[in-house]
Amino acid sequence: MFIRVERGSSVPLSRQIDEQIRAQCLSGILRGGDCLPSVRQLAKELAVNVNTVFRVYERLASEKFIEMRQGDGTYVLPLAEPARSDRQLAE
């Protein structure tokens, strides 16, 4: 996983991190079951506050992009299949 933050940007660091992880999940770069760096590890790599990364991970977890497993790590969840209409199911 590659994330780049621009400190001089008007976009908050948390949004930059969030958007890049989200984009990598949606594009297939990160796939269901992939393990993400720990909160502390990613914060250290990006030289940002641990709470910034934690908030990003919590937001992505609440939106079902990732799953945070206490004591085990943080994993990418498989993308949900698009919902089929009743008409498609009948065919």
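This is a predicted model: local features need pLDDT of at least 70, side-chain atom pairs count only at pLDDT 80 or more; totals for chains, interfaces and linings use all residues.
Helices here are DSSP runs of at least four residues, numbered from the N terminus. With that in hand, we can say that Tyr57 lies in helix α3.

## The whole chain

Let us begin with the overall plan. The protein chain has four helices and three strands. If you walk along the sequence, these elements come in the pattern α-β-α-α-β-β-α. Of the 91 residues in the protein chain, 31% count as buried. How much of the contact in the chain links residues 24 or more positions apart? Among contacts with a separation of 6 or more, such residues account for 46%.

Is Tyr57 buried or exposed? Tyr57 has a relative accessible area of 0% and is buried, because buried means under 20% relative accessible area. Setting aside residues up to four places away in sequence, Tyr57 touches Ile21, Leu36, Pro37, Ser38, Val39, Leu42, Ile66, Met68 and Thr74.

Take α2 and α3 to start with. Helix α2 spans residues 39-46 and helix α3 spans residues 50-62; their axes come within 8 Å and cross at roughly 125°. The two helices α2 and α3 are therefore oblique to each other, and their crossing is right-handed. On the α2 side, the residues that meet α3 are Val39, Arg40, Leu42 and Ala43, and their partners in α3 are Val50, Val53, Phe54 and Tyr57. Sorted by class, this contact of α2 with α3 has seven nonpolar residues, no polar ones and one charged residue.

Now turn to α1 and α3. Their axes are 9 Å apart and they pack at an angle of about 40°. The helices α1 and α3 are therefore oblique to each other, and the crossing of α1 and α3 is right-handed. From α1, the contact uses Ser14, Ile17, Asp18, Ile21 and Arg22, while α3 supplies Thr52, Val56, Tyr57, Arg59 and Leu60. The contact of α1 with α3 divides into five nonpolar, two polar and three charged residues.

## The two sides of α2

Which residues of α2 are buried? They are Val39, Leu42, Ala43 and Leu46. The buried residues of α2 pack against α1 (13-27) and α3. Turned away from that buried side is a face with the exposed residues Arg40, Lys44 and Glu45. Just after α2 comes Ala47, which takes a positive phi of about 55°.

## Some residues up close

| Residue | Relative accessible area | Class |
|---|---|---|
| Tyr57 | 0% | buried |
| Val53 | 0% | buried |
| Thr52 | 12% | buried |
| Leu77 | 23% | partly exposed |

Val53 is found in helix α3. Not counting residues up to four places away in sequence, Val53 touches Val39, Leu42, Ala43 and Val48. For Val53 and Leu42, which are eleven residues apart along the chain, the C-alpha atoms are separated by 7.2 Å.

Thr52 also belongs to helix α3. What does Thr52 contact once its neighbours within four places in sequence are left aside? Its partners are then Ser14 and Ile17.

Leu77 takes us to another part of the chain, the loop between β3 (73-76) and α4 (86-90). Why is Leu77 counted as partly exposed? Its relative accessibility is 23%, and a residue is buried under 20%, exposed over 50%, and partly exposed in between. Leaving out residues up to four places away in sequence, Leu77 touches Gly32, Lys64, Phe65, Ile66 and Glu67. Leu77 and Glu67 are ten residues apart along the chain, with 6.4 Å between their C-alpha atoms.

Conventions
Residues are numbered from 1 along each chain as its sequence is written. Side-chain values use heavy atoms; hydrogens and water are left out. Axes are lines fitted to C-alpha atoms, for helices over the stretch in contact, and angles run from 0 to 180 degrees between N-to-C directions. Angles under 35 degrees count as roughly parallel, over 145 as roughly antiparallel, 65 to 115 as roughly perpendicular and the rest as oblique. A crossing is left-handed if the near helix is turned anticlockwise from the far one by less than a right angle, and right-handed if clockwise. Contact means heavy atoms within 4.5 Å. Ala, Val, Leu, Ile, Met, Phe, Trp, Tyr, Cys and Pro count as nonpolar, Asp, Glu, Lys and Arg as charged, and the others, Gly among them, as polar. Buried means under 20% relative accessible area, exposed over 50%, partly exposed in between (1.4 Å probe, protein chains only).
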